[in-house]
Amino acid sequence: MADGEAVHGSGTGGAGPERTFAALPVARGRGFAQTWWGQAWLRALEDTALDGAQVKAGRRHARAGAVGAVSVRPGRITAVVQDRDHTRHRSDVLLQQLTAADWDRLLDVVADRAGHLAALLDRDIPPVLVEDAAAAGVELLPGIGDLEPECACEAWDHCAHSAALCYQVARLLDQDPFVLLLLRGRGEEELLDELQRRSASRAGAAGPAGAADGPAAAGVPAAEAYAARDILPPLPPPPPPVEAPGPAPVLGGGAPPAPGVAADALEFLVEDAAARARRLLAEALSPGHADSPPVPALTPSQDAVRLADAGPGAAVAARLADGSGRDARGLALAVRAWQVGGAVGLAALEEEWTPAPEVLSRLRDRLAAAWEDEASRPRFRAAGNRWTVVGGDVQLRFGRDGRWWPFRKEGGRWAPAGPAAEDPAAALAGGAADVSEGCS
């Protein structure tokens, strides 16, 4: 049961399960969402709302503890939110429930992989679960336009009250992802009972009775393998962890190098391959590896930066720069971007793109709402996905990953200034940049 929950039972009138959470304490000095799915919930709010000032006011309401007890039931969350003048408004936010067919596909996805069920029982939603559900045609997390407000203040879009409610629900989602599943239409007890039934059905189908009804399945039934346990050879033990990669061979040996072959570069690549092999083995032996999503393959240009980050000699670094179409300074900046954000950070440095007009409008609202003190808000000059502080050498870039990346001009080039952040003000502050000259 999540912190602050007061009631956990069925709603009235046969409307389905309902949970009611007591008002949460004041949230000064902390973010509203720590989990990735809680942050996705808030992005759905912030990307949907047309008035960034209302979202900003809602965040203040939620932080001040103005949201009362929160009721969660299929398709709807409800709370009473109090304004500063003590006026109280009932506010609701609606989220479309999954259809019966959607639930059937989602439950099959969870039942087919033991790691998914274990994660849910541990109050976790791994990204691979959401990806597998999406591949089955089920969008579990809300997106743009999915959070529909209804408020007694009669606002036609998200108002401060519905925004405050969404911010508080993000905290509840952090504590218990079953809150999201209840909003989508199913309570925790019902879900777990159905998952247990499906898991038992799959286990029964794998036995001899199930095999007799159809063609023989590949492999050996578990009962047969267990009965023959004393005559079968034992399974080999897993490979031991490797403390350190093996040393690279010395390829020069005093002999003249073969035409077109640089011995130092080849030695470096062998050393890098050994280090990567050791890391891949350690990851394969780690718990939960089977449930981890595969890492996307790097392009030759990205891999050149990864290799340069490993610290080769000057001659190899020059070859990497030339082979990837960069000069020495460009490669050094690319390595800095790689160090703060990997392939995504490198894209923020080297890709310039223009978001769609409706996305640009929402981004401007988010920038305007990011600074609560208007006097300290920087003025920006926008070009594509880049916002440069007027009168300063500081820039924010909106990445395709939905985060803000800080940059600072150094020697006439834009250089990464720190890690990305969901909040543009936090990204700018995290870059340790002085933006006072650009403030309005």
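This is a short tour of one structure, stop by stop. The model is predicted.

**Stop 1**

**Stop 2**

Zoom in on strand 8, residues 386-389. Are its faces covered or open? Both are covered. R386 and T388 lie on one side, W387 and V389 on the other, and all are buried.

Next, show strand 7, residues 380-383. Four bridges join strand 7 to strand 8, and the two run antiparallel. Pick F380 and look across to strand 8: its bridge partner there is V389. Then pick A382, which stands opposite W387 in strand 8.

T388 stands opposite Q395 in strand 9. Strand 8 and strand 9 also form a hairpin, with four residues between them. Select G391 in that turn; its phi is positive, about 80°.

**Stop 3: helix 15**

Select residues 357-370. This is helix 15, with 14 residues. How far apart are its end C-alpha atoms? They are 20 Å apart. At 1.5 Å a residue the helix should span 20 Å, so the two values agree.

Show the side chains. L360, R362, L363, R366, L367, A369 and A370 are buried in helix 15. An α-helix has 3.6 residues a turn, so residues three or four places apart point the same way.

**Stop 4: salt bridges**

Side chains of opposite charge can pair when their charged atoms come close. How many salt bridges does a search of the whole structure find? The search finds 25.

Start with R43 and E422. They form a salt bridge, with the closest N and O atoms 3.2 Å apart. The pair links distant parts of the chain, 379 residues apart. R43 sits in helix 1 (residues 36-48), while E422 is in the loop between strand 11 (413-416) and helix 16 (424-430). R43 is partly exposed, with a relative accessible area of 25%. E422 also counts as partly exposed, at 27%.

Go on to D92 and R76. Their side chains meet in a salt bridge, 3.2 Å from N to O. D92 lies in strand 5 (residues 88-94) and R76 in strand 4 (residues 76-82), so the pair ties together parts that are 16 residues apart in sequence. D92 counts as buried at 4% relative accessibility, whereas R76 counts as partly exposed at 21%.

Now select D176 and R123. Here the salt bridge is 3.0 Å, N to O. D176 is in the loop between helix 6 (160-175) and helix 7 (178-183). R123 is in the loop between helix 4 (114-121) and helix 5 (127-135), 53 residues away in the chain. D176 is buried, with a relative accessible area of 1%. R123, at 24%, counts as partly exposed.

Finish with a network. Select D104, D108, E194, R197 and R198: salt bridges that share partners join them into one network.

**Stop 5: the cysteines**

How many disulfides does the structure hold? It holds zero. Select C153, which is in no disulfide; the nearest cysteine sulfur, that of C151, is 3.6 Å away. C153 is partly exposed, with a relative accessible area of 28%.

Last, select C159. A disulfide needs the sulfur atoms within 2.5 Å. C159 is buried, with a relative accessible area of 4%.

How values were computed
Residues numbered from 1 in each chain as written. Predicted model: local features only at pLDDT ≥ 70, side-chain atom pairs only at ≥ 80, totals over all residues. Heavy atoms only, no water. Buried < 20%, exposed > 50% of the residue type's maximum accessible area, 1.4 Å probe, protein only. Pairing = 2+ DSSP bridges. Expected span 1.5 Å × (residues − 1). Salt bridge = Lys/Arg side-chain N within 4 Å of Asp/Glu carboxyl O.
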